[in-house]
Amino acid sequence: MPKMILNKETIAQLSKENQRLDGRGMLEYREPIQIETNISWTAEGSARVQIGETVVLAGVKMSLDKPYNDTPDEGGIMVNAELLPLSNPDYEPGPPGIKAVELARVTDRGIRESKAIDLKKLCLQPGEKAWFVTIDIITLNDAGNLFDASTLAALAALKSARFPVADPATGAIDYRQKTEERLPLLKEPVGVTVCKINGNFLVDPSSEEEQAYDARLSVASDDKGAISAIQKGGDAPLSIEEVSQMIDIALDKAKFLRKILSKELGKNQK
Amino acid sequence: MDYLPGDNTYREDEKIYSKVLGLVGLSGRVIRVTPLSGPYIPRVGDKIIGKVIDITMSGWRVDTETAYSALLNVKDATTRYIKKEEDLSKLIAVGDYVIVKIINVTSQNLIDLSMKEPGLFPIKGGRVIRINNQKVPRVIGKQGSMITLIKNKTNCEITVGQNGVIWIRGTSENELLAVRAIKLVEERSHQEGLTEKMEKFLDENLKAEVASS
């Protein structure tokens, strides 16, 4: 399998002049951004997100379980990410590597720390029974910026999810039937990854740019602009001014993504 | 026996079969098939672009996008005298791309490379792209007509390796246009009159560029 071509030096040089290898603006996302929900019949909620050539699937499953001992009146969420070998020549089958774990954790923290899901409402019987939400992320094609695509897919899948029919007495769940009840979503966290290459910032990195960045910052924020999670990557350090600049970019771009999300979801409902 | 089997075909009894999925061509009595895709088979004399993946005692190991190992020996890389203890990574580092020529392919399919002729050098700047190596003849065109056209219109330096790796250097707008043009040729390689179409495409885009700037 041929490895990826890297034009690292050219990317760095272009970035200095506020240019990019593919001719995009520094703060421009790739086209098209498409969001499709309810793509899986077996999952309670599902979404397919495409940003440029990057395609990510997210699925939401719900199950009844005993709450954790320290939070007897709350349900729970779990996020799992899998980087399929078919999505990138560098990915191998087997247990999740660092990249897959990081992707899952960034997506998880965006949702968990913003308190996007009202976990108390997921509890049916304190200490006994509560709903647990599992979000599975699967990459169909990795052409860069999996972080933003995954958080967007997870959110779209959560928004489309509907509870299955459950028998409150026995706790048996009929997954073949769905109720009209949706997940208690309080906030809508959207993640934006800002990369620093040669002193300049850019969003939505392509695969080549992901190999060339000095540092990256993934910022998850809700509709009011409250930041719920930040993840830094890359070898280069960031100054406080740089971090706040990157956060400003991320908050601005989160608005843009949220607009697309509501537009695309509106399209699906028609 | 009206016809003879040519490239990528074989005879079984009375019939001639194709070994690959591709476009059939007839020249005289010989039937040959041009495959739509497939791996690059190294041939002596081919100019290719490879990536340096290792430095050995006597030269550089190069990834040529074939299944086989390729070596660029120090004596084939430069005319300068290289001292025994000299650091080879100062000349060409791991990760650099090089434009090289295949000078020998052994029976074991080990490839020997050379960088001694004009037009062969380590790449500095510009961008490297990859296309389907079977489409390389179309990107070059008859007597280089297609690639000359793209070079002249976009004002870019372009080197097409037979292994499907292409190096382009110019201004970033023109580089992008050249990439788009090459991808278009790759996509529409089976169409007739492609050179004329490409001339139109490039002229239109150059005009748009002038208008916007």
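Modeller: Here is the chain first, then the contact between its domains.

This is a predicted model: local features need pLDDT of at least 70, side-chain atom pairs count only at pLDDT 80 or more, and totals for chains, interfaces and linings use all residues. Residues are numbered from 1 along each chain as its sequence is written, while chains are lettered from A and ligands numbered from 1 in the order in which they are written.

Chain B has five helices and 13 strands. These are DSSP runs, numbered from the N terminus: helices are H or I with at least four residues, strands E with at least two. Along the principal axes, the C-alpha atoms of chain B fill a box of roughly 65 × 60 × 20 Å.

Eight residues of domain 1 of chain B are in contact with eight residues of domain 2 of chain B. Contact means that C-beta atoms, placed from the backbone, lie within 7 Å.

On the domain 1 side of chain B, strands E6 (47–55) and E9 (97–105) each supply at least two residues. E6(B) gives the largest share, three residues. By class, that side has four nonpolar, two polar and two charged residues. Here Ala, Val, Leu, Ile, Met, Phe, Trp, Tyr, Cys and Pro count as nonpolar, Asp, Glu, Lys and Arg as charged, and the others, Gly among them, as polar.

Terms used. Two residues are in contact if their C-beta atoms, placed from the backbone, lie within 7 Å.
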